[in-house]
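Trainee: I would like to learn how to read the inside of a protein model. Could we go through one together?

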Amino acid sequence: MTAWDAVVVGAGPAGSAAATVLSVAGRRVLLLEKDCFPRAKVCGEFLSGDALASIKRLGARGAVDALAPERIEEGSVHPARGEAVPFRLPTAALGISRFRLDELLASRAREAGAEARFSCRVLSTAGSPRSGFSVRFVSEGVEEEAAARAVIGAWGRWDALDRRLERTFLERARFFGFSRDYRGDTSALAGRVRLYLFPGGYCGLSRVEGGEANLAGVISESERRKTGGSWEDVLRRARRFNAALEADLAAMDPGPRGFLGTVPVVFTAKPATEDGMLMAGDAAGVLDPFSGQGQAAALAAGILAGDTTLDLLVGRLSPDLYLATYERAWRTRFSRRFGWSAALRRLILGPLLGRIASGFVGERTMRYVIRKLWGIGEVES
């Protein structure tokens, strides 16, 4: 059984960030990922300005810029009825596909010294920060076991490990995410993101590197049942309720990737530690995509998990304080975001959505939603 300083489960933005931080510090890191990179993933593919400090900390800003991502400086929210509400972002965001970004970040972790294994399914973890951990996983059909002083869980929105750990978030209200690519004349989206509301859900449209457009959306489980079930049906219903979405998509051509969909998603903060492990990214909580802060939060949480684990490994933090220190830091950094996200979800996706869609909730309410979700001081008139 090979021994490591840390095993990181999941090579998305949070996991690759944690692995990079630890590897740069000279620690032996095993990074395990169930998928094979590069791969497409359901995501808004929107890297907010808040994420750029994390990208720089990981030493990846030059590689990100080399991909020529779309620079996004403004946007608009389109209710089902009524006028659009435009806004400017306080700091320019970047439109970059997860197909490129995840591979780039995982490559950065490997360059820093992490051993990355793909198409690996983690079966179980056992142990504690005091006694150490054992991690069982399957790689190329062969079951293996690794020993580590620490384990960081960054496996995303949902994994079989969540059920094994009996994580209670699985019992809450569920949503589904979807995305698809568009090509052709996307010039109307240059430098901007557009958000569209429809009963039981919303979606966003913006460009990524190469001028392609990405459409990503969310719909509640109950509303999805009304559509017939397919993602084509979901999008058809959204277009029927939102004329702006219909007009914008009619001007473009669907790309070759087609629709991608998620397993059920629960938008909530989750425990920041589980069975002695630090949880990071979506494994510690899924922010509503409407906020545009999901990837920024994942990167920041991965760096926080890496820094906290490094403190444990070098003796600056005792095993007894390790979990509590991370939990406290995680709450300080992210709990307010999740609080606003939950409150505004009830407005956007709850019973009041029908009023918004019908124009009964006015422009002032929409401006308030935008300011709170996007951290914008001023919304354009």
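Mentor: Start with F334, which touches A297, A300, A301 and L304, leaving aside residues up to four places away in sequence. Contact here means heavy atoms within 4.5 Å. This is a predicted model, in which local features need pLDDT of at least 70 and side-chain atom pairs count only at pLDDT 80 or more, while totals for chains, interfaces and linings use all residues. Residues are numbered from 1 along each chain as its sequence is written, and side-chain values use heavy atoms, with hydrogens and water left out.

Trainee: How many residues does the largest nonpolar core have?

Mentor: In soluble globular proteins, nonpolar side chains tend to be buried together. A nonpolar core is a set of buried Ala, Val, Leu, Ile, Met, Phe, Trp, Tyr and Cys residues joined through side-chain atoms within 4.5 Å. Buried means under 20% relative accessible area, exposed over 50%, and partly exposed in between, with a 1.4 Å probe and protein chains only. The largest core here has 56 residues, and F334 is among those with the most contacts inside it, as are W155 and W330. Helix α9 (residues 294–313) gives the most to this core, with nine residues. Another core, of 18 residues, lies apart from it and includes Y196 and M252.

Trainee: Which residues of helix α8 are buried?

Mentor: First, helices (H or I, at least four residues) and strands (E, at least two) are DSSP runs, numbered from the N terminus. In α8 (residues 243–250), the buried ones are L245, D248 and L249. They line one face of the helix, because seen down its axis they fall within an arc of 95 degrees; the arc is that of the directions from the helix axis to the C-beta atoms. The face turned away from the buried side carries the exposed residues A243 and A250. The buried residues of α8 pack against β10 (175–183), β11 (192–198), β12 (201–207), β13 (213–220) and α7.

Trainee: Which strands pair with β10?

Mentor: Two strands pair if DSSP finds at least two bridges between them. β10 and β13 pair in the antiparallel sense over eight bridges, and S220 in β13 is the bridge partner of F175. Strand β15 (residues 260–261) is also antiparallel to β10, over two bridges, with F178 opposite G261. Two bridges join β10 to strand β14 (residues 253–254), again antiparallel, and there Y182 has P254 as its partner. As for cover, eight of the nine residues of β10 are buried.

Trainee: How many salt bridges are there in the whole structure?

Mentor: A salt bridge is a side-chain nitrogen of Lys or Arg within 4 Å of a carboxyl oxygen of Asp or Glu. A search of the whole structure finds 30. In one of them, the closest N and O atoms of E74 and R88 are 3.1 Å apart. E74 lies in strand β4 (residues 70–78) and R88 in strand β5 (residues 85–95), so the pair ties together parts that are 14 residues apart in sequence.

Trainee: In the salt bridge of D159 and R121, is D159 buried or exposed?

Mentor: D159 is buried, at a relative accessible area of 4%, whereas R121 is partly exposed, at 37%. Their side chains meet at 2.8 Å, N to O. Salt bridges can also join up: D35, R39, R98 and D102 are linked in a network of them.
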